[in-house]
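Here's a quick briefing on a few residues worth a look. Keep the viewer open as you read.

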Amino acid sequence: MPGEWEHHSATWIFWPTSAERYVYGSLASFAEVRSAFVCLIDVLSAFEPVYLGVDPTVIEEAKAAVGRRATIHEIPMDDAWARDTAPTFILENGHPEAICWRFAGWGGRFEPYAKDAKAAASVAEIMNVDHFSSPLELEGGAINSDGRGSLLTTAPVLNDPRRNHGQDSGFCEAALQEALGVSRLIALPAGFSGDDTGGHVDVVATFDPLGRVLLNHCKDWNDPNSGGTADNATFLKDLEIEVIRIPQPAAEFFGNGRLPFSYLNHYLCNDGLILPRFGDKKDDYVRDLMAEVYPDRDMVQFDARPFYSGGGGLHCVTQPVFSGKAYFDQ
């Protein structure tokens with residue numbers, strides 16, 4: 001499994017199907033969600049090709065909104081989280097292949113998901129790549145690779161009793177190693193408080209090209225994330241992995257629900273980095289910090305807040321297709 005900074009042939013995005021899935025908002029905010037998808041496609045298409053999966057019930061709406069910014073494919077789907085329901089693309093001897101995880105609504109937390117469970121295979125067939133069905137119930141947002149055989153995930157996902165019919169973490173580790181060529185599995189002890197997925201890594205940590213881990217850092221001891229981020233930092237220190245702390249945005253809520261705002265939920269594309277902004281005083285500081293981590297990339301700050309009315313962010317709605325080309329040999 002390549003690192004996310006490696007060269008892409010394209011990015012997949014799924015078009016939002018129903019306002020009912022955006023539980024932290026209203027019908028008015030769902031219009032903002034659709035507009036945010038159009039804006040993201042507009043930005044991303046300047047860096048690389050975009051493929052857009054659209055449910056047949058909203059195909060005309062998507063065509064009218066997106067135009068020629070993306071190549072549209074009709075795929076039955078329930079929701080719009082391409083990171084979790086599209087396949088995870090890997091490289092086998094330099095050629096793209098696709099892993100189709102068993103998708104069951106994030107451990108049955110959200111329904112319906114019958115159409116989403118079939119979306120990965122549909123995408124792989126459209127791409128005309130070899131694809132393999134994994135017995136592991138998992139989502140793309142739960143894993144992050146350094147491109148050298150190490151994989152980041154979280155213990156809450158590996159040990160989730162709602163996933164994988166109560167199989168132990170050893171079953172999950174073996175399935176990950178087989179599917180992704182993993183030689184080192186790093187399961188952080190804590191996810192993000194308020195994350196609906198049950199502990200995805202893509203809001204708490206990610207590798208960078210030098211093998212360091214960018215780690216969500218919460219220093220507000222009144223925030224339930226503070227203990228988890230401290231535990232994660234200690235865990236990585238004990239493994240002698242260098243950590244770059246990325247400050248957490250101020251907590252935001254909708255009713256009783258925490259919105260998992262995180263700068264780690266960004267998207268690397270060819271020559272670019274699309275970085276979320278939240279109207280937070282830390283937005284510009286994190287922009288400058290990420291520019292030091294990725295000095296060769298054009299930085300685009302993107303208001304990701306509309307996506308969070310459905311519970312996720314920029315990384316959650318994107319899925320890269322790796323080309324197999326060296327990044328600097330395009």
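Is T153 buried or exposed? T153 is buried, at a relative accessible area of 0% (buried is under 20%, exposed over 50% and partly exposed in between, using a 1.4 Å probe and protein chains only). Bear in mind that this is a predicted model, where local features need pLDDT of at least 70, side-chain atom pairs count only at pLDDT 80 or more, and totals for chains, interfaces and linings use all residues. Numbering runs from 1 along each chain as its sequence is written, and side-chain values use heavy atoms, with hydrogens and water left out.

**Around T153**
- T153 sits in strand β8, residues 150-154 (helices are DSSP runs of H or I with at least four residues, strands are runs of E with at least two, and both are numbered from the N terminus).
- A polar atom of the T153 side chain lies 2.8 Å from the backbone oxygen of A142.
- Leaving aside residues up to four places away in sequence, T153 touches A142, L158, L185, I186, A187, L188 and V201 (heavy atoms within 4.5 Å).

- Most residues other than glycine have a negative phi, and most peptide bonds are trans.
- E111 and P112 are joined by a cis peptide bond, with omega at about 0 degrees; P112 is in the loop between α4 (105-108) and α5 (116-127).
- N164 has a positive phi, near 60 degrees, and belongs to the loop between α6 (155-158) and α7 (169-180).
- E240 also has a positive phi near 60 degrees, in the loop between α8 (225-238) and β12 (243-247).

- N164 counts as buried because its relative accessibility is 4%.
- E240 counts as exposed because its relative accessible area is 75%.

Methods
A polar contact is a pair of N or O atoms within 3.5 Å; within protein, one must be able to donate a hydrogen and the other to accept it, and residues adjacent in sequence count only if both atoms are side-chain atoms.
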